[in-house]
Number of protein chains: 2
Amino acid sequence: MIVQRPRDNGLKFKGFDLGVSARWLQEQRKKSLARARVGLNPREAALIERIKRLKKESGTHSPSAWTLAQRIPELRLKVDACFLSNPYATQLFLMHFHREVVRPRKLRALLELYPSQNRVIAAKLGRVLELNPESIFVGNGAAEIIQAILHRFTHEKILVNLPTFSPYYEFTRPDTQAVYNVLRKEDNFCFNPDAYLDLVRRERPDTVVLINPNNPDGGYIPYVVMRGLLEELRSVKNVIVDESFIHFACEGNGYLYRSLADQVGRLPNLTVVKSMSKDFGVAGIRAGYAVMAPDRVRTLLDNGFLWNSSGLAEYFFDLYSRPDFQAQYERERIRFIRNSRRFFAALAKIDGLHIYPTHANFALAELSGGLSADELVCRLLIRRGIYTRTCDDKKGLEAGKFVRIAARNRPENAYIIRSLRRMIG
Amino acid sequence: MIVQRPRDNGLKFKGFDLGVSARWLQEQRKKSLARARVGLNPREAALIERIKRLKKESGTHSPSAWTLAQRIPELRLKVDACFLSNPYATQLFLMHFHREVVRPRKLRALLELYPSQNRVIAAKLGRVLELNPESIFVGNGAAEIIQAILHRFTHEKILVNLPTFSPYYEFTRPDTQAVYNVLRKEDNFCFNPDAYLDLVRRERPDTVVLINPNNPDGGYIPYVVMRGLLEELRSVKNVIVDESFIHFACEGNGYLYRSLADQVGRLPNLTVVKSMSKDFGVAGIRAGYAVMAPDRVRTLLDNGFLWNSSGLAEYFFDLYSRPDFQAQYERERIRFIRNSRRFFAALAKIDGLHIYPTHANFALAELSGGLSADELVCRLLIRRGIYTRTCDDKKGLEAGKFVRIAARNRPENAYIIRSLRRMIG
């Protein structure tokens, strides 16, 4: 018996014995549910067309919730689970920002005056990161940094894992060839160091990229494996390790994470890239940094990147460099990781979703029901106000099957779980 | 007789007949004043040392007022006449920003969410500028745009006028040779089109740069001359016209300005660069754009510059694109130009300062008294809280002689005039 619940267009199912195998019954149930749910009213169908058009305009990235809200104001966005962030850290940052900037009317100075130059901000960051400030390059978001190092230091060939964050092959110079190390879903997208090193020896790229944890699957290469890998990769001209999600990746049972940034002093071919948008949910501010050999920082600064941080980004880095803020942030980081683990466990229990192991603040979900990834993402958006990310545009992932879902705060996570259960569970 | 006025450490002079020529007397007076004023107390001398160190760290740019205030908090900065802006437009922008973003608590969305991609913002700008949006490249400040086009489209040789805005020769690729067309102070830094075209034919640069009005002298090449020049420069691969100060440059007796941006459709080698920091005093936001052939915009966007505008920059461009805001801005632009003209006229009357003709929101002043540019800038800063710009680091200008002074609002302009009269007049 299938009971239609018109209030939220969701469905509930009660099974009963038809005298057939449980497996056959389950399959029929899924097909029937999927058929029923495909039905869209004309308003929904029109909205979906507009969403798809906007997605197409955005290339291999998703339109931001901001763009969505502006371009399709009819959407009632409740939860942005496309955006990768820690909402508790966002809250913490905003509290400080209001108390220290907005209320004492200091916002004007941040908007009006030239921000400090790159090296001035790097000096502050160097103190909190306990790194040589001359090895720090401050960026207008990690995207700018990726572009800068690929344009400047990468020449013939770059090796990236698939699936990946697309700028690593999109932002290369036109004369750079991209080659891929494909992580297979059959291996849970696990990285195999030996196979990788074989590929490096065969392809001889001048640049290799390791995103750790990886985006969009959340797979993690432990610190000790990375250390060994870096030794083996000493002959590669550029080794880029993107640690934008490292704050969510804990080693062992505790909540400690280990960055490779302090290895840059030893390994002149290493560049560690760090976005701040993921830890703090401040993508609108555009803040990131990279750690690399001082002569590379000098090369970049010698002909550009002078005032590439905004006044707000400078305030953010100032705050981030303060020990009192660091202590508060650490609490919010752990709180978020705890909640995220519960969220991923609950996601994994939903029928019709396979969740891959993740060490990041998102999970890659594979759909096995009747809905395609695109259909699920659009329905979640227009019916539940939840914005998730279809991975149809991700090289190395079968189209129509994969959705990336970001962890949010507890009530938002619960709402995502409830909505998914109704829609596909 | 020299009367010391300890309150502001300034000096007043009363001349009397010594039976010598007026000219000799005047010279003696200047020398004597200069000697007296060189005297610094130890606190001032120490401050000056710190200012000079900070300036040295900032290379061929001045430390921002923001950096100055942070690094030397003892300075009581009252007027930032180093920063080139229209303070009335800043006020107008801030009023809107508070009313539309801060008060209705919409700031969070600007900080938290990803801003729109480059093309989305270009589409909005295209409407207000009445230009093809595909020919607009949005930048994280003009500095980023200059870097992008020099790195991507300039190869062997770039021709820039001297004096100039230094990124035009600093941000080139290491393999690009810079050659110069020197504007002479004897000609009031006037641009000579014929001599220029001769130089272009001789040097055969692949890129030429014309900043109009020019920074730091404010010299202006009329629209009709520019149109003719662009025709003659059709064979040069890249013609960059930087119109960052064009809103202050009026043709004829009225307040109209004429941009060359609409010529890009006709001239595929033309790029018009526009900073927004100068018109609106929002340097902390980092906002600028360039107009160039659509295939060049595509080339730049094909491998980068995806999210290079912050959420605040997007709000700024949204506001700038609104007709109601444009009408209000136009009033503030004219009000500022009127005040600036009075200010430059008053500056020109100060003994010991020669002011070059300017069509921008600043004036280049040559010192003929006993104080060097550096000394004047430091004294204005520590004794009067006025921040001006020494041009000692500007190629093509004799060191020690030139100071660039920005026009501000009326009371600030009056304070600058009073202070300069006391210090050198």
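Predicted model: local features only at pLDDT ≥ 70, side-chain atom pairs only at ≥ 80, totals over all residues.
How many of the 12 residues of helix 15 of chain A are buried? The count is 10, so this helix is largely enclosed by the rest of the structure.

**Extent of the interface**
- Contact between the two chains involves 66 residues of chain A and 65 residues of chain B.
- About 5100 Å² is buried between chain A and chain B, and carbon and sulfur atoms give 58% of that area.
- W66(A), L111(A) and Y114(A) together supply 15% of the area that chain A buries against chain B, more than any other three residues.

**Polar and charged interactions**
- Between chain A and chain B there are 31 residue pairs in polar contact, counting pairs with both residues at pLDDT 80 or more.
- The salt bridges between the two chains number 2.
- R408(A) forms a salt bridge with E112(B), with 3.9 Å between the closest N and O atoms.

**Composition of the chain A side**
- Helices that each supply at least two residues to the side of chain A touching chain B include helix 3 (65-71), helix 5 (107-112) and helix 13 (311-320) of chain A.
- Helix 4 of chain A gives the largest share of that side, 7 residues.
- By class, the side of chain A that touches chain B comprises 27 nonpolar, 23 polar and 16 charged residues.

**Helix 15 of chain A**
- Helix 15 spans residues 373-384 and reaches 16 Å from its first C-alpha to its last, close to the 16 Å expected at 1.5 Å a residue.
- Among its buried residues are the arginines R379(A), R383(A) and R384(A), together with L376(A), V377(A) and C378(A).
- G385(A) follows the helix and has a positive phi, near 70°.

Key. Residues numbered from 1 in each chain as written. Chains lettered and ligands numbered in written order. Heavy atoms only, no water. Contact = heavy atoms within 4.5 Å. Buried area = accessible area lost by both parts, 1.4 Å probe. Salt bridge = Lys/Arg side-chain N within 4 Å of Asp/Glu carboxyl O. Polar contact = N/O pair within 3.5 Å; in protein donor to acceptor, adjacent residues only side chain to side chain. Helix = DSSP H or I, 4+ residues; strand = E, 2+ residues; numbered from the N terminus. Nonpolar A, V, L, I, M, F, W, Y, C, P; charged D, E, K, R; others polar. Expected span 1.5 Å × (residues − 1). Buried < 20%, exposed > 50% of the residue type's maximum accessible area, 1.4 Å probe, protein only.
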